[in-house]
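Work through the exercises below with the sequence and the model open. Each task is followed by a solution in steps.

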Amino acid sequence: MRNRVETFFLTLALILSFGRTAEARDIYVRLADGESSLAIASEGPLKLVDGAKKTHSAEKSIVLTRSGSSAVMGKTKMPLPLRISGRGLLRYKGRQYRGEFLLSRDFVLINTLDVEDYIRGVLPAEASSKWPAEYLKVQAIISRTYGVRQSLNRSMRGYDVGDTASDQVYKGAGVETAATDRAVRETKGEIVTYNNGVAFTPFHSDSGGHTASNANVWGEKLPYLTGVKEPVEYESPNSSWTAKIPASQMQAALSRLGISIGQLREVRVSETEGGGRAVRLTLAGSAGSAEVKASRFRMAVGPNLIKSTLLTGDAPLEKSPSPTSPAAAKKTASQTPPNLDLPMSGAEEARLTRMTVDGAFSSSELMDMLLNPEKRKSYLYLGIQRSGGKTDAEAPAEDVALPQSLPVSMPALRSGQVIAEENGFFTFRGRGWGHGVGLSQWGAQALARQGWKAERILEYYFSGTTVKKFK
């Protein structure tokens, strides 16, 4: 983290570059970069203040085009930067936004707003409003922490965060819900701190059972991000996964990495960390070998293909059955367990559609469904689990059985174990989804369902940190 003097001057540079007079808790979110024209609207008349401090009035819908260091609206030419406000919510590309818009000297469209309003637009995009209330508080706190930290450390770019998953997904005011707004209110101003500084609070979908050390993924040793074992077992759509990748695609990944070893023959795990995650891989080819960081290799091949660095073998671990109450056992015995290999019925299709519309799944889960249609039935039963197994008025009349135990885990690959080419493909197996550092969303949900409070969950995943009010 930068020292206080450097942080002060970086923040001052941002204030001077845009004539910023807003409160310190405002955040600057990039919405568009590189566009030649922008269509902006509001619920009422718009007001624009240009770089010469001249005020312009406009109708509730305008188009701005770039002309050198100016923005053109009709016949009016206005020097950049340009600050845009309206009566009610602003609109851009079908989304609604609180706060104001700022069009920078580089024609970057930025949404400037209070950090609490920003989190209201992040939380429903990063978590389902159907998830446990205590988990939603957790997500609100780490998302706020991330935004505040970025606002201190990214000043020279002219904005603090983008609105995509490269920072955290932000969809403006149109996605706000009562449940997520409540979580934002009940944690107002709370952030994760370490030694009185703003902590780095990355999160990912599913750790697969053990989170990763920050040092092994992004290089910096942070005492509160050393990797922890998930304290309870849970099931997620990516509790286990398999990726069969063509050799040609692997060669293309080597090219992106700048590695020249001829035709790739095998991928060997050369180093693992305590939780079993691969740290380094040795790539052996027809013309030599090279070692690469596992997290870097994953990104080069594709993080939606190799979903995590917790690579596994194909022999299942022994697992004792989960204890079941007599009532649950009786209920299970009277039901037929779901066969996830059978096609979905029309009623199941309709129910999954309703769950999707109702916000039962996060954006990453919806993307996983889109990319992997064969998982849709698994998601249907996950949605049923989240609702406590209850059926709604329009649900299929038949009784629905829920899986009573977790899928059998596969053992993590040890150093020296090999993934070899077979019939033109490399087959990777693993557990979890994401970089693995910090908080596991599925793991944190499981803890919330076990009765853990938000602070306890955060202090477990970010060991040695404290939740405090941001001033």
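**Exercise 1. Confidence and overall make-up**

Task: find how many contacts the model has for residues 1–24, where pLDDT stays under 50, and then describe the protein as a whole.

Solution. Step 1: pLDDT is the predictor's confidence in each residue, from 0 to 100. Over residues 1–24 it stays under 50, and the model has 27 contacts for them beyond four places in sequence, a contact being heavy atoms within 4.5 Å.

Step 1: the model is predicted, so local features need pLDDT of at least 70 and side-chain atom pairs count only at pLDDT 80 or more, while totals for chains, interfaces and linings use all residues. Residues are numbered from 1 along each chain as its sequence is written, and side-chain values use heavy atoms, with hydrogens and water left out. The mean pLDDT is 83, and 77% of the residues reach 70 or more.

Step 2: the protein has 13 helices and 24 strands, taken as DSSP runs numbered from the N terminus (helices H or I, at least four residues; strands E, at least two). Of its 471 residues, 50% are buried (buried is under 20% relative accessible area, exposed over 50%, partly exposed in between, with a 1.4 Å probe and protein chains only).

**Exercise 2. Backbone exceptions in loops**

Task: locate a cis peptide bond and two residues other than glycine with positive phi.

Solution. Step 1: recall that most residues other than glycine have a negative phi, and most peptide bonds are trans.

Step 1: the bond joining Leu-80 and Pro-81 is cis, with omega about 5°. Pro-81 sits in the loop between strands E7 (76–79) and E8 (82–86).

Step 2: Phe-107 has phi near 65° and belongs to the loop between strands E11 (100–103) and E12 (109–114). Its relative accessible area is 1%, so Phe-107 is buried.

Step 3: Asn-423 has phi near 55° and is placed in the loop between strands E21 (418–422) and E22 (425–430). Asn-423 is exposed because its relative accessibility is 71%.

**Exercise 3. The surroundings of Lys-171**

Task: which residues does Lys-171 touch, not counting those up to four places away in sequence?

Solution. Step 1: Lys-171 lies in the loop between strand E13 (161–162) and helix H4 (178–186). Step 2: its contacts are Arg-95, Gln-96, Gly-121 and Ala-125. Step 3: Gly-121 is 50 residues away along the chain, yet the two C-alpha atoms are separated by 5.4 Å. Step 4: with a relative accessible area of 26%, Lys-171 is partly exposed.
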